[in-house]
Amino acid sequence: MSQLPRASLGRVLDDLGATLLDLVHGDVSSPEPIAGIAIHDPFDEPHLPTPALVLGVGLHSSEQIAALLRSLGGHAALVVRAPVAATDEVRAAADESGVALLALTRGASWAQLAALLRSMLSQGDVGGPETLGGLPSGDLFALANAVAALVDAPVTIEDPDSRVLAFSGRQEEADESRVETILGRQVPERFARLLTVAGVHRDLHRSSEPVYVTPPSSGADDFSVPRAAVAVRAGDEFLGSIWAAVREPLTPDRARAFSDAAKLVALHLLRLRAGADVERRLRTELVGTALEGGSGARESLARLGLADQPLVVLALAPAAVESAADRSGLAADRQRLTDALAMHLSAVHAGSAVALLGDVAYGLLPAVTEERAVRVATEFLDRVGDRVPALVGVSPSAATVATLSAARASADRALRVLHSGCGRRVARLSDVYTAAIVLEMRDSVAARGDTPSGPLAKLMAYDAEHNADLVETLAAWLNAFGDAVAAAAALHVHPNTFRYRLRRLSEVGDLDLTDPESRFGAMLQLRLFPS
């Protein structure tokens, strides 16, 4: 994939907004890349690269903020410490200068923000790989080894769910529980439970200082070496923790170094997350542009490495959910499914591309037939299982860029039928074409406000007035191809009773069941206006 562009203000805010920065006031939509960052000094007037992101360290009053905003015309944004009083004067100054006002979340350090911003803004520069704290940005294993040297003990770096992100050497100096953790890349449940009961996780979340953990007195022979653990934070957000297998409590100097290391680990974790988010967003833009067609589609496919080859489009979405609790987790389920599909398709073809567009994850699978794509989709759903029930619409093979948008539409139509409850998990439009046509006809009649007419309208009115079931009788007879015995069995009534109802509905609805057009009209309306 092509190298990512340097960050604009909007992209910086997207990457760091959930953790470090909030927009107070202003426009962040400009695509112009930020040229650099600068720290405001009221006693100096340094030359600022334009447009710069200015860090207003020590600014508190509305008057100070408004005055600085007015002097920064032509720059991208001013960052001040939260909370920020967004007075009318401050808003007017931001609007007048065209400089956005951002707030640095409470608890986050200016040094942390400056280091992370410099790392982000260096993307695309000529030279070697970018570094944070003298280590390659995002190389958590190198970082783990550096921390291990500082505290003279083997360490692991873990995420908030106790999954191992990286580990240092010298793990043979620890115990069996550490070996099991490394091999499983996750703290085993029984150890995690012990730590929770002992209040270790609570203490980690509350303190910025290292926590010393002694092995339990009984019940965990393979947990024999004490631990020192420290939280990794960005502002108020808990990003994870570092665990060192130590024989005794850390000395004051090593405890201080351990805490300082956590700040550096936070920078690397944020940089990794920002990079992953930028990469995901770029891929989403490219896949979306390719599927829309038009003048940019060919270039997008070229940047994805998918130009000049036939593509099958997979449209993936979670199955319909019923409870509010299920719906609340639907966004996370979509992203998990998208990531899982990307991994699955990469095993089928390394050049495949996957992106979440709205509520649907689209996969572009090159060099496969429709039949093969159906098998790939079915295998994926089998692997996902019932944890996140999902559905996949499969398109015909698109041989050219011009036919790719039509292929997406085909996959979308198939997916819609699957969502309607047809009993399938994977389908091509050709498999469910009639159902797709009926759904689209329902859309048309609903848009016009149409209601049932003719015989069906009469039968529905009669049923409502007399608490009868003539419409149900008609549907059963049509579904049974006119076999009264089979239709009666489906409704659990005697055949003679069913035949009486059939004669009655012919009279009430003025419906000639021997006429093919009348039967077709009744069947079509029953599909378009389901009760």
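Are Phe 191 and Phe 223 buried or exposed? Both are buried, where buried means under 20% relative accessible area, exposed means over 50%, and partly exposed lies in between (1.4 Å probe, protein chains only).

## About the model

This is a predicted model, in which local features need pLDDT of at least 70 and side-chain atom pairs count only at pLDDT 80 or more, while totals for chains, interfaces and linings use all residues. Residues are numbered from 1 along each chain as its sequence is written, and side-chain values use heavy atoms, with hydrogens and water left out.

## Two aromatic pairs

Let us stay with the rings. The whole structure holds two aromatic pairs; rings of Phe, Tyr and Trp (its six-membered ring) pair if their centres lie within 6.5 Å, and planes under 30 degrees apart count as stacked, over 60 as edge-to-face and the rest as tilted. Because Phe 141 sits in helix H5 (residues 140-151) and Phe 167 in strand S9 (residues 164-167), the pair ties together parts that are 26 residues apart in sequence. Helices (H or I, at least four residues) and strands (E, at least two) are DSSP runs, numbered from the N terminus. Phe 141 is partly exposed at 33% relative accessible area, and Phe 167 is partly exposed at 25%.

The pair of Phe 191 and Phe 223 has centres 6.0 Å apart and planes at 85°, so it is edge-to-face. Phe 191 belongs to helix H7, and Phe 223 to the loop between strand S10 (211-213) and strand S11 (227-234), 32 residues apart.

## The largest cavity

The largest cavity holds about 150 Å³ of space, and a search of the whole structure finds three cavities of 30 Å³ or more. On a 1 Å grid over the protein atoms alone, a cavity is a set of points where a 1.4 Å probe fits but cannot get out, and lining residues have an atom within 4 Å of a point.

## Nonpolar cores

A nonpolar core is a set of buried Ala, Val, Leu, Ile, Met, Phe, Trp, Tyr and Cys residues joined through side-chain atoms within 4.5 Å. The largest has 48 residues, and those touching the most other members are Leu 21, Leu 53, Val 79, Leu 113, Ile 242 and Phe 258. Helix H9 (residues 252-292) supplies the largest share of this core, eight residues. A second, separate core of 35 residues includes Leu 291, Leu 304, Leu 306 and Ala 407.

## Two loop residues

Arg 185 lies in the loop between H6 and H7 and is partly exposed, with a relative accessible area of 36%. Not counting residues up to four places away in sequence, Arg 185 touches Phe 141, Arg 163, Val 164, Leu 165 and Ala 166; contact means heavy atoms within 4.5 Å.

Val 432, in the loop between strand S17 (426-428) and helix H15 (433-448), is buried at 6% relative accessibility. Leaving aside neighbours within four places in sequence, Val 432 is in contact with Ala 414, Val 417, Arg 424 and Ala 427.

Key: 1 Å grid on protein atoms, 1.4 Å probe; cavity = no way out; pocket = protein on both sides within 12 Å on 5 of 7 lines; lining within 4 Å. Points joined across faces, edges and corners; volume = space filled by probe spheres on them.
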